[in-house]
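This briefing describes one protein structure, topic by topic. Please keep the sequence and the model in view while reading.

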Amino acid sequence: TECFKYVYDGAPTRFADMARAIGVANSSDSDEVAAKNFICSCKELCETCNIPTLSGYGIDLDKFHEAMPKMASDAIASGSPGNTLKDICVDDVLEIYKNLCK
């Protein structure tokens with residue numbers, strides 16, 4: 001399964017360290033590969049534990065898509081994305097929201 005880059009591209013070394021710590025990557029893997037392995041492992045864990053997707057929670061994906069621009073703008077305006085290691089813009093938030101729908 002393809003996991004999305006926006007989750008780990010701000011701190012690949014930290015995600016890579018976690019991947020190596022849980023055994024889904026080794027020291028010969030690049031940080032990018034290891035980080036991706038960690039995110040994919042998290043996704044697999046959610047699937048194994050039957051953690052619902054957005055639609056599994058009953059969220060209408062069409063309405064979610066319609067609300068995404070406002071939610072992204074509101075997120076940036078709140079200042080919360082400024083607490084991350086990576087500079088985040090509205091387009092980044094929109095990309096994250098789009099990936100939630102996969």
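**Salt bridges and overall picture**

D31 counts as partly exposed because its relative accessibility is 28% (buried means under 20% relative accessible area, exposed over 50%, and partly exposed in between, with a 1.4 Å probe and protein chains only). The model is predicted: local features need pLDDT of at least 70, side-chain atom pairs count only at pLDDT 80 or more, and totals for chains, interfaces and linings use all residues. Residues are numbered from 1 along each chain as its sequence is written, and side-chain values use heavy atoms, with hydrogens and water left out.

**Salt bridges**

- Three salt bridges are found in a search of the whole structure; the term denotes a side-chain nitrogen of Lys or Arg within 4 Å of a carboxyl oxygen of Asp or Glu.
- D31 meets R20 in one of them, at 3.1 Å from N to O.
- R20 belongs to helix 1 and D31 to helix 2, so this pair ties together parts that are 11 residues apart in sequence.
- R20 counts as partly exposed, because its relative accessibility is 25%.
- K70 and D74 are joined by another salt bridge, at 2.7 Å from N to O.
- Both K70 and D74 lie in helix 3, four residues apart, which is about one turn of the helix.
- K70 is exposed, with a relative accessible area of 55%, whereas D74 counts as partly exposed at 38% relative accessibility.
- K86 forms a salt bridge with D92, and the closest N and O atoms are 3.8 Å apart.
- D92 is buried, since its relative accessible area is 8%.

**Overall fold**

- The protein chain contains four helices and zero strands; helices (H or I, at least four residues) and strands (E, at least two) are DSSP runs, numbered from the N terminus.
- Along the sequence, the pattern of the protein chain reads α-α-α-α.
- A box of roughly 45 × 30 × 15 Å, taken along the principal axes, is filled by the C-alpha atoms of the protein chain.
- The protein chain has 102 residues, of which 25% count as buried.
- Of the contacts in the protein chain between residues at least 6 apart in sequence, 43% join residues at least 24 apart; contact means heavy atoms within 4.5 Å.

**Helix 2**

- The 18 residues of helix 2 should span 26 Å at 1.5 Å a residue, and its end C-alpha atoms are 25 Å apart, which agrees; the expected span is 1.5 Å times one less than the number of residues.
- The residues A34, A35, F38, I39, C40 and S41 are buried in helix 2.
- Helix 1 is included in what covers the buried residues of helix 2.
- S41 counts as buried because its relative accessibility is 18%.
- Apart from its neighbours within four places in sequence, S41 is in contact with I22 and V24.
- N50, whose phi is positive and near 55°, follows helix 2.

**Aromatic pairs**

- Two aromatic pairs are present in the structure; rings of Phe, Tyr and Trp (its six-membered ring) pair if their centres lie within 6.5 Å, and planes under 30 degrees apart count as stacked, over 60 as edge-to-face and the rest as tilted.
- The pair of F15 and F38 is tilted, because the ring centres are 6.0 Å apart and the planes stand at 55°.
- This pair links distant parts of the chain, with F15 in helix 1 (residues 12-22) and F38 in helix 2, 23 residues apart.
- Both F15 and F38 are buried.
- F64 and Y97 form an edge-to-face aromatic pair, at 6.0 Å centre to centre and with 75° between the planes.
- F64 is in helix 3 and Y97 in helix 4 (residues 90-100), so the pair ties together parts that are 33 residues apart in sequence.
- F64 counts as buried at 11% relative accessibility, and Y97 is buried with a relative accessible area of 17%.

**Surface patch**

- I51, Y57 and I59 form a nonpolar patch on the surface, with about 310 Å² of accessible area together.
- Patches are made of residues with over 30% relative accessible area and no salt bridge, like charges being joined within 9 Å and nonpolar side chains (Val, Leu, Ile, Met, Phe, Trp, Tyr) within 5 Å.
- I59 is located in the loop between helix 2 (31-48) and helix 3 (61-78).
- I59 counts as partly exposed, because its relative accessibility is 35%.

Conventions:
Areas by Shrake-Rupley, 256 points an atom, 1.4 Å probe, with all protein chains shown as cover.
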